[in-house]
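Please look over the two chains shown here and follow the report below, which moves from confidence to the contact between the chains and then to details within each chain.

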Amino acid sequence: MARPQGWFALILALAIAAAAVLASFPLQLGLDLRGGSQLTLQVMPAGAITRVEREQLEAVQLVLDRRVNGLGVAESTLQTVGDDQLLLQLPGEQDPTRAAKVLGSTALLEFRAQRPGTEQEMQGLLPLKRQAEAVLARLEGRGRQDPAPASPPGQEPPPAPAFPSEELGAALTSLGVSVPEGASEAEQLTVLLDEVNRRVVALYEPAALTGKDLVTAGRQQRTNGPGWDVTLGFNQQGGEAFARLTQTIAGSGRLLGIVLDGRSISEASVGQEFAAAGIAGGAASITGNFSAEEARDLEVQLRGGSLPLPVRIIEVRTVGPTLGAENVRRSLIAALSGLAMVAVFMVVVFRLPGVVAVIALALYALFNLAIYALIPVTLTLPGIAGFILSVGMAVDANVLIFERVKEELRRGNTLIRSIDTGFSLAFSSILDGHLTTLISCAALFGLGTGLVKGFAVTLAIGVLLSLFTALTVTRSLLRLLMTYPSLRRPTYFVPAGQLPA
Amino acid sequence: MALTGPLFRINRYRRLAWSVSSGLCLLSLLGLTLSWLNPAIGAPLRPGLDFTGGTQIQLQRSCEAACSTIEPDQLAQALRELSLPAEDSVRSPNLDSAAIQLLDENRTVVLRLPVLSPAQTQALIDGLGGVLGPLQTSGTEVNTIGPSLGRQLLNASIASLLVSFTGIALYISFRYSRLYAFLALLCLAHDVLITTGLFAWLGLLSGLQVDSLFAVALLTVAGYSVNDTVVVFDRIRERQRDLAALSVEDQVDDAVAVTLTRSAYTTLTTLLPLLALIFFGGSTLFWFAIALSVGISVGSWSSIAIAPTLLAVISGGPAVPERSPG
């Protein structure tokens, strides 16, 4: 009788593992359970684009992600839904007005010429900007950083990303900004960078051209030498404006600033050769020795900044935290009391196997929760409903088995034989029932919307686990108990009156 | 033991069972049709916010012991007098059509309005402060759903229903036979029809609206119905092997009789958590639990009374012996 004990040990180990998982990974509650705001954004096709492509959706997501981070809502998430939608979740946020305003407005991408007579000031600011950006990127450990400027060849390579503290302090003082006592290096650098950017933008003339007229942005590897260029494509109106803009500053040493949401993301110089007609033809490239990644970032910013596809808010849901808490509490009470009633029912009707089933179902609930925590599944109200329903199916599997065992006993079979036959006969109907439910779950998950998906996920997990608990946990527990002769009594399974004499 | 024959023979009551089911189906169809013809609804079911789009605002008033009485007319009046900030993307909405509901002894106010922007919603809530008095901000719930999202939800629900029907039909044809698959889908249609019929009548009589949770409930009922039917079919198939000498009718009677206890137990154990949800669960899941309870009860009924009896009649009638040799 080593086999049931081996199974039992495995089940015990799984139960302990599940409990450990639950203790270390918290369950994730959906916004309908803990309160907060949820906005669904539809990315609308516009102009030449009739269908929203994956990369366009991601470009929009990237831009909006940065703006959402600016809102300062903890644990906010922005994820893509389907082909053309974004879902923004703001836990705890009761007033989505601000978020809606920030998301709804199109990012302002501007091309601005540097004002005459500011060359010297710019020359002072740009190295600071580069240095601060490089050090900040290193401190944050992120691979991405703002692209370097289009520096004419022959200029010195950028300094190593370091910023001695006294130098940093001097730079901050010279700009006339103060940082709070004890601010970290990264915080000081951020303050510095903000101030530098503000000053750089102040050196530009008003926008001659905005992202509205930018049709495409791309990147290409340089044909001569390493590095990448970022390419720009304008519509006709934009192309003309861009030609005029570049003509005014060509060869003058003044820079062309690319400003996104009031922040200078790139400064490019325009060569002497364009002094006659400017960069004409509606296409241009920013040559700046970009790495592949930097080029991609700038490309996405340019494309996203121009936001070729407008965004519309199509759904706003706000749930107050007390309402959410109330929902959790009530649904929990309902689930527990329902399960308690089922447990009483099972023990009364099925006696000893009923007790086994209750233990198996308790483990079933534990495994379910552990999987929710592990995947992780965000629990919503429909998700809880799916869980409760899957408990019903798990009970059904046990009922099917025990009814079969009873039938076999009534026919006069021995106890051990009845149990084995009962399990094998019930198996095909359990399998069919569970598989058909799984087919429904797959359809719901594949085609359903968010709410329906949450339901399908918990139901599917429940159905799969139910197959495991009914066929493995219940069975090996029962067989383990049957190794004790004192428990091997048919009357523990069926009332004596139903047994053949 | 099988030779003594089952104590309960479902086929003796099949005419009664068919009449009951046909009656319920006709009643449901009537409800759906009346609802469709009703100019105020114009659809088989009264569609809720999730399907029509709009803004629903739920406010909780903070009052000490009892909230002062407010008539819906007072609120309607206050709404008419409000002027909301105009926004370029959203036309200034017409608030005359607002549906106003007061719940929990005037404690909770539910407003159903055309689509409002977040700023307009805030302006509206602020504007109603004069009539409602102080509000518990933590109890505020605002849902805005664009009309396109509702259509998307409806299409997604119908598509997933059709796909899961097809999948289930293929599976049963593969595991059993095409006749079984047909009968399982017939039962499924029967269960879904009666559940939607009930909600059509509820929509007609008490103005109940169906939301996306109702669509979830229907899909669950569909899955459950097939599960129930499959268990009975599995038993019939087994009986056809064991009792090949008997007529199909007797095999069916026997199979139904032995699965009857199981069906009763299973329905009961599934209903227990649902009943708990109905009685103790939050208001959000109340109608969801009702839809599931009704659908699962009807599904249990059809798996016992409809699918097996139709199988007995269609697959040859009483006198024809089974084609497989014993």
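## Confidence in the model

The score called pLDDT is the predictor's confidence in each residue, given on a scale from 0 to 100. This is a predicted model, and the pLDDT of chain B averages 82, with 91% of the residues scoring at least 70. In chain B the value is below 50 over residues 317-326, a stretch that has 9 contacts in the model beyond near neighbours in sequence. For chain A the mean pLDDT is 78, and 85% of its residues reach 70 or more.

Among the elements of chain A, the lowest mean pLDDT, 67, belongs to helix H9 (residues 292-306) of chain A, whereas H12(A) has the highest, 88. Residues 142-159 of chain A have a pLDDT below 50, and this stretch has 34 contacts in the model beyond near neighbours in sequence. Where pLDDT is low, the predicted coordinates should not be read in detail. The scores given for the model are an ipTM of 0.78 and a pTM of 0.70.

## How the two chains meet

Where the chains touch, 61 residues of chain A are in contact with 59 residues of chain B. On the side of chain A that touches chain B, at least two residues each come from helix H4 (97-104), strand E12 (311-319), helix H10 (321-374), helix H11 (381-410), helix H12 (415-447) and helix H13 (450-481) of chain A. The largest share of this side, 17 residues, is supplied by H10(A). Sorted by class, the residues of the side of chain A that touches chain B are 32 nonpolar, 19 polar and 10 charged.

## A sheet built from both chains

Strands of a sheet pair through backbone hydrogen bonds, either parallel or antiparallel. Here 8 strands form an open sheet with antiparallel pairing, in the order E3(A)-E4(A)-E2(A)-E12(A)-E4(B)-E1(B)-E3(B)-E2(B). Its edge strands are strand E3 (77-81) of chain A and strand E2 (99-103) of chain B, each of which pairs on one side only. On average, with direction ignored, neighbouring strands of this sheet are turned by 15° against each other. Helix H4 (residues 118-127) of chain B packs on the sheet, where it touches E12 of chain A together with strand E1 (54-60) and E4 of chain B, and its direction makes about 35° with that of E1(B).

Which strand of chain B pairs with E12(A)? The partner is strand E4 (residues 141-145) of chain B, and the two strands pair in the antiparallel sense over 4 bridges. In this pairing A:Arg317 stands opposite B:Asn143 in E4(B). Within chain A, strand E2 (residues 36-43) and strand E4 (residues 85-91) run antiparallel and are joined by 7 bridges, with A:Ser37 standing opposite A:Leu90 in E4(A).

## Helix packing in chain B

The axes of helix H8 (residues 212-242) of chain B and helix H9 (residues 248-280) of chain B come within 9 Å and cross at roughly 135°. The crossing in which H8(B) passes H9(B) is right-handed. Residues of H8(B), including B:Val231, B:Val232 and B:Ile236, meet residues of H9(B), among them B:Val252, B:Ala255 and B:Val256. By class, this contact has 7 nonpolar, 4 polar and 4 charged residues.

Helix H6 (residues 147-175) of chain B and helix H7 (residues 178-206) of chain B pack at an angle of about 145°, with their axes 7 Å apart, and their crossing is right-handed. The contact between them is made by B:Phe165, B:Ile168, B:Ala169, B:Ile172 and B:Ser173 of H6(B) together with B:Arg178, B:Tyr180, B:Ala181, B:Ala184 and B:Leu185 of H7(B). These residues divide into 8 nonpolar, 1 polar and 1 charged.

## Local details in chain A

In chain A, the axes of helix H6 (residues 165-175) and helix H7 (residues 185-202) come within 10 Å and cross at roughly 35°, and H6(A) passes H7(A) in a left-handed crossing.

Two backbone features also deserve a look. A:Ile375 and A:Pro376 are joined by a cis peptide bond, with omega about -10°, and A:Pro376 has its place in the loop between H10 and strand E13 (378-379) of chain A. A:Arg351 lies in helix H10 of chain A, and its phi is near 60°, a positive value in a residue other than glycine.

Methods: Residues are numbered from 1 along each chain as its sequence is written. Chains are lettered from A and ligands numbered from 1 in the order in which they are written. This is a predicted model: local features need pLDDT of at least 70, side-chain atom pairs count only at pLDDT 80 or more; totals for chains, interfaces and linings use all residues. Two residues are in contact if their C-beta atoms, placed from the backbone, lie within 7 Å. Ala, Val, Leu, Ile, Met, Phe, Trp, Tyr, Cys and Pro count as nonpolar, Asp, Glu, Lys and Arg as charged, and the others, Gly among them, as polar. Two strands pair if DSSP finds at least two bridges between them. Axes are lines fitted to C-alpha atoms, for helices over the stretch in contact, and angles run from 0 to 180 degrees between N-to-C directions. A crossing is left-handed if the near helix is turned anticlockwise from the far one by less than a right angle, and right-handed if clockwise.
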